[in-house]
Structures are given as structure tokens and as C-alpha cells.
Amino acid sequence: MVLRTQKLGEADRIVTVLAKRTGKIRAVAKGVRRTTSRFGARLEPFTHVDLQLHTGRTLDVVTQAETLRPYGEALAADYPRYTAGSAMLETADRLTHGEKEPALRQFLLLVGGLRTLAERTHEPRLVLDAYFLRSLAVAGYAPALEACARCRTPAIRAFAIVAGGVVCGACRPAGAAVPAGETIGLMTALLRGDWAVADASEPRHRNECSGLVAAYLQWHLEHGIRSLRHVEREPV
């Protein structure tokens, strides 16, 4: 899956992809910015592509590219879905740190998330929040949602990012958010893939959920997700 591209020289590009077997790879696509390039749009973000690479001294070189599915075509005309997809690509890039380190589950989550966006079966912000929560879980940062993250008591009173999820009154740190119970229920449904519950949720709980999930994600990444500033919230 093509995550991002950057210009190199007059006609080349460096392409960052997340591969099914070998994780994140950065490779040079030579001459791809010329109108006569045989690769063309095959190496644009959102494209699920089959690549053949030649191992280079510092960066691999793309020698062949065949498009498997161009998700960008389905997302480009829909601003909420395009921006949600952009945030997914950026998050996948941030969560896969080392190059050529297998990241199969992250790859499958990304492809599945983009496919769901393109199929328009659920609201884009719900799909994005579900992707955030599941990708965090795969990375080992799943938030505690059913019992206190510190003492494991089921008496939930607040959501504390620094504590790792929901907390009880005794463990609640200063500044912890106090979301509605329905918001925590929505986060749980998105993490589990319970779309019947997620789709039936109210806009105010979706917006509260999105704010908590985005803050939790960026705290663990220790870096902001620039694409999130363009993601639209639902009107309440």
C-alpha cells in the first residue's frame, strides 16, 4: 500500500509503501514524474500495488508496478472519506517505525480500513476511529475500556490518557476527561468491530469518542497527525 511520496531530483520520486510481508519500505521510482512514465498513477498514495524492487545501496529501486486496487479513485471525490483515508495512511506510517520489519497485522488493518471507506458502508469518522483503536491495539497500546487501567476495578469514573484508558475515582488523575457512558460503549464497539452498536450511536457521542481517540493516539505516537486537522466532525 502506497503511504506517501516525495520528489527526488527532476523526475524521480521516493515512494514509501507498507508491504504485506516485509513491512515499510522506501524505494526510488525513477522517471515517474515524466508524462511518459510507465508507472504513472500506480505509485500514488491509496494505491494497493504489486511491486517488484531491485535492491540498491541505500534505497531500493522500483522496477515494476501493477495496480491491484486504486482506492484513491473511490475516495478522491468524497472529502470526508479522503481526509479520513489520509489520516489512516499517516498513522500507518507513524506506527511502523523500522524499515523492512514485518507488520502484517498493520498492513491488513490499513487495507481493510481503506476498503471499508471506499465501500461507503459506515460513516467515515467511525471507520477512522475504529482503525485508530485497532492499530493501537496491534501496536500494544490498546486502551482499557472495561475496568480501571490502574487497579482493575470495574467502577469507571473517567478516561485518562496518561493512565492508559478508563479509571476509577480513586485512581483518577488531575485533568482526566469524564465522557458519557455511551461514548465509552462506542469506543468498545469500534475496538471489537460491533458495527450495529457503532452505527446506531448519536453524533454527540461520536464526536466525544473521536476527540478522546485522537488525543490517545497522538499521545502514544508522541507526534501529531497533521491530516486530522482536515477531518470533519459530525454536526450535533
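Let me start with the surface: the accessible surface of this protein comes to about 11,800 Å², and 48% of that belongs to carbon and sulfur atoms, the areas being computed by the Shrake-Rupley method with a 1.4 Å probe, where for residues only the protein chains shown count as cover. Please keep in mind that this is a predicted model, in which local features need pLDDT of at least 70 and side-chain atom pairs count only at pLDDT 80 or more, while totals for chains, interfaces and linings use all residues. Residues are numbered from 1 along each chain as its sequence is written, and side-chain values use heavy atoms, with hydrogens and water left out.

How much of the protein is buried? Buried residues make up 50% of the 236 residues, where buried means under 20% relative accessible area, exposed means over 50%, and partly exposed lies in between, with a 1.4 Å probe and protein chains only.

Now to the aromatic rings, of which the structure holds three pairs; rings of Phe, Tyr and Trp (its six-membered ring) pair if their centres lie within 6.5 Å, and planes under 30 degrees apart count as stacked, over 60 as edge-to-face and the rest as tilted. One of them joins phenylalanine 46 and tyrosine 82, a tilted pair at 5.3 Å centre to centre with 50 degrees between the planes. Phenylalanine 46 is buried, at 4% relative accessibility, whereas tyrosine 82 is partly exposed at 36%. Another tilted pair is formed by tyrosine 131 and phenylalanine 132, at 6.3 Å centre to centre and 50 degrees between the planes; here tyrosine 131 is buried, at 2%, and phenylalanine 132 is buried too, at 0%.
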